[in-house]
Amino acid sequence: MIKRLVDLVIHPKWILPIVPRGKVFESMSVVVNNGIIVDILSTQRCKSTYKAKESVELENHVLLPGFVNAHAHSAKIG
């Protein structure tokens, strides 16, 4: 099977998705390509499906994919 080349794969201990609310996923990975989340799937399946330019193992971390900080105070340019 030919693996799909992507920019980044993150393998955290837990994933807390924004949607569906209240779920906790374990042994799942997040696949990112061109700055966009393209897949969230089991780590086992991810390793057989994707080849990443960069892979990050987060053995004791929680990942919140899709979280958008809409409250940051940014300087206005112009």
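Predicted model: local features only at pLDDT ≥ 70, side-chain atom pairs only at ≥ 80, totals over all residues.
Student: What's the fold made of, in helices and strands?
Tutor: There is 1 helix along with 5 strands. Starting at the N terminus, the order is β-β-β-β-α-β.

Student: OK, where does Ser29 sit?
Tutor: Ser29 belongs to strand β3, which covers residues 28-33.

Student: Buried or exposed?
Tutor: Ser29 is buried, because its relative accessibility is 0% and the cut-off for buried is under 20%.

Student: What does the side chain of Ser29 make a polar contact with?
Tutor: With the side chain of Thr43, at 2.8 Å.

Student: And which residues does Ser29 touch, leaving out those up to four places away in sequence?
Tutor: Val9, Ile10, His11, Pro12 and Ile15 are among them. The list also includes Asp39, Ile40, Leu41, Ser42, Thr43 and Cys46.

Student: Switching topic: how much of the protein is buried?
Tutor: Buried residues account for 28% of the 78 residues. As for surface, the protein exposes about 6,100 Å², and 56% of that comes from carbon and sulfur atoms.

Student: What share of the contacts between residues at least 6 apart join residues at least 24 apart?
Tutor: That share is 59%.

Student: Which strand has the lowest confidence, and which the highest?
Tutor: Lowest is strand β4 (residues 36-42), with a mean of 94. Highest is strand β1 (residues 4-15), at 97.

Key:
Residues numbered from 1 in each chain as written. Heavy atoms only, no water. Helix = DSSP H or I, 4+ residues; strand = E, 2+ residues; numbered from the N terminus. Buried < 20%, exposed > 50% of the residue type's maximum accessible area, 1.4 Å probe, protein only. Polar contact = N/O pair within 3.5 Å; in protein donor to acceptor, adjacent residues only side chain to side chain. Contact = heavy atoms within 4.5 Å. Areas by Shrake-Rupley, 256 points an atom, 1.4 Å probe, with all protein chains shown as cover. pLDDT = per-residue confidence, 0-100.
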